[in-house]
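The following paragraphs lead the reader through the contacts between the parts of this structure. Please keep the sequence and the model in view while reading.

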Amino acid sequence: MNLQEYNVTRSSQAARISAIIGVLILLILIAAPWWAGRSEMRLMGEIFLYLALASLWNLMAGYAGLVSVGQQAFVGFGGYMLFALTIFAGLPPVVAIGAAGVLGVIVAVPMAVLIFRLRGAYFAIGTWVFAEVFRLSFAQVSSLGGGSGSSLPVGIVRSIASSRQGREWLSYWLALGIVVLVIAAVYLFLRSRNGLALTAIRDNELAAGSLGIDIWRTKFVVYVVTAGLTAMVGALIFLQKLRISPDAAFSVNDWTAFVIFIVVIGGIGTIEGPIIGTLIFFALRETLADLGTIYLIVLGVVAIVVMLKAPKGVWGLIRARFDLQLFPLGYRVQHSKDKKGP
Amino acid sequence: MDWVNAVVQGTLLGGLYALFAAGLSLIFGVMRLVNIAHGDLIIFAAYLGLTVTMTMGVHPLLALFVVVPVMGFFGYVLQRGILNQTLGDDLLPPLLVTFGLSVILQNGLLEIYTADPQKMNAGALETASIPIGSLSLGVLPVLTFAIAVAVIWGLQWTFYRTALGRAFRAVSDNQDIAQLMGLNRRHIYGLAMALALAVTAIAGILLGIRTSFDPSVGGGRLIFGFEAVIIGGLGNLWGTLTGGIILGVAQTVGAKIDPGWQVLSGHIVFLVILAVRPNGLFPRVSG
């Protein structure tokens, strides 16, 4: 056996094909205003925002081992920052979305320092405490409507775009833009040096630490970057809703429970998982939503069954069967001249 | 004098929080499992109590004799049927499964009992009070506090003085060796969950007599219990009681300053203690 006959590659035929298909789908989605109706565009916008939240949660829980049940803290924070910056500081809404992301990073730093003292499941509940602190604090801010919330003033809504159609198109493209940004960021992050460190930590924290990886720092970066991006998604969510209240902004069910179910059902710890999970989640919702609470019970049962019977989710099942990886993250060893035997 | 009153009432409220926390602390101590559905189980117990008092026409405190065994049995079945499958080195499965359970319980209760706030009627017990000096102590809060102390004393005694407690401590220290010594850890875990949910049943009934409740309030109770556990220090039951008292006092004193600050000031005190003493005030094991 000659080592020179082998080479290590990241890419694969499937990954190249899926990249081409991905670009095509993206182009079709960008052109949606010309082929989709108003309600479909609204639904797709919502799908994109949930996909962005799910990809971010997956980066934290699936790769960094930071299981948070308090991401609604940043969703609501981003939403409130959008309202505060446009109403009080007079920023244009699109600029305010970016600023909400920056502010999200800034508040996440002291939170991370404090909350990283809790480990594992206690970390999870600790994040929830923070989300509650945010909810109760914003309920005290009377200039933003206190506990009953407030609506985005008409003048600011008009400043996004003059016509209703223009606003709908812009908010659709912004949602599409953020989901592409988030998935690209997660993908590039995981392929970077930091991503390699993260994968090592996921596989074995003790071994990673002994190889000189700064575990605290790597997790800290993930937490803070995720917080900033989640705040931007939150700002976009409430730009679509045009109304905010503490209970809606910091809802654990809407912004964390659903997101967790999406990731678990799709397949945790893969980039593809949240995409599949989001599609399944919305397919279930569009068919079962009339059942109300029964739908949520079904969702909970499905999540438990998936966790117990197929912990790697739907994508894990597909990958085990077909050895697929659409986003080339891992390395694979290939025999360069397959015809020449050793 | 108002401030003294706030502190005393807060201390008594802390008894209820310690009851929320005791089950959480017990489960974590024995099997390193953090039960996200704990708050919803408390509310579930309260609704069970409500059903028992309505159908049998008995006093809520008598309903304990039905609800405690039912919840204990439910805990054993839950642990052996579902939760035992999630235990292992990986943290995620138990967390996500109990999270799913929380959503199922919440929406199941919503489906059966609707979203209307409910309350158990305990008659004269709700308003009875004992005057002490210029203070007036409600009989129900004093009773709650006394029950909390008794429950924690009972759990402590079970842990360190009985064969069952020895088994709990053994599986907690080292699952595999405990198994080699002839303990069936699946059964022991089932018993631990049964005991924890029995305590939860007591907490749920006392909560249901004290305030109104609806299916959505479980998450808040989980957080109070969790804060009491962390403030007191992991694995220390008397610490948990102290943590509950600190949380209760923080809330009543906060409410005295501004009613909108009641819950918020509890959270803030928790975060301050986390910043100053990350392992809680009286740690026994490292988390």
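The contact between the two chains takes 32 residues from chain B and 33 residues from chain A; two residues are in contact if their C-beta atoms, placed from the backbone, lie within 7 Å. The model is predicted: local features need pLDDT of at least 70 and side-chain atom pairs count only at pLDDT 80 or more, whereas totals for chains, interfaces and linings use all residues. Residues are numbered from 1 along each chain as its sequence is written, with chains lettered from A and ligands numbered from 1 in the order in which they are written.

On the side of chain B that touches chain A, two or more residues each come from α4 (92-113), α9 (218-232) and α11 (262-276) of chain B. Helices here are DSSP runs of H or I with at least four residues, numbered from the N terminus. The greatest contribution to this side is that of α4(B), with 14 residues. By class, this side of chain B holds 22 nonpolar, 8 polar and 2 charged residues. Ala, Val, Leu, Ile, Met, Phe, Trp, Tyr, Cys and Pro count as nonpolar, Asp, Glu, Lys and Arg as charged, and the others, Gly among them, as polar.

Within chain A, the domain assignment gives domain 1 (24-250) and domain 2 (254-327), with bounds from an automatic or database assignment. Their centres, taken over C-alpha atoms, are separated by 20 Å. Domain 1 of chain A brings 19 residues to the contact between them, and domain 2 of chain A brings 16 residues. On the domain 1 side, α3 (38-63), α4 (72-87) and α8 (164-191) of chain A each supply at least two residues, and α3(A) provides the largest share, 11 residues. That side of domain 1 of chain A comprises 13 nonpolar, 6 polar and no charged residues.
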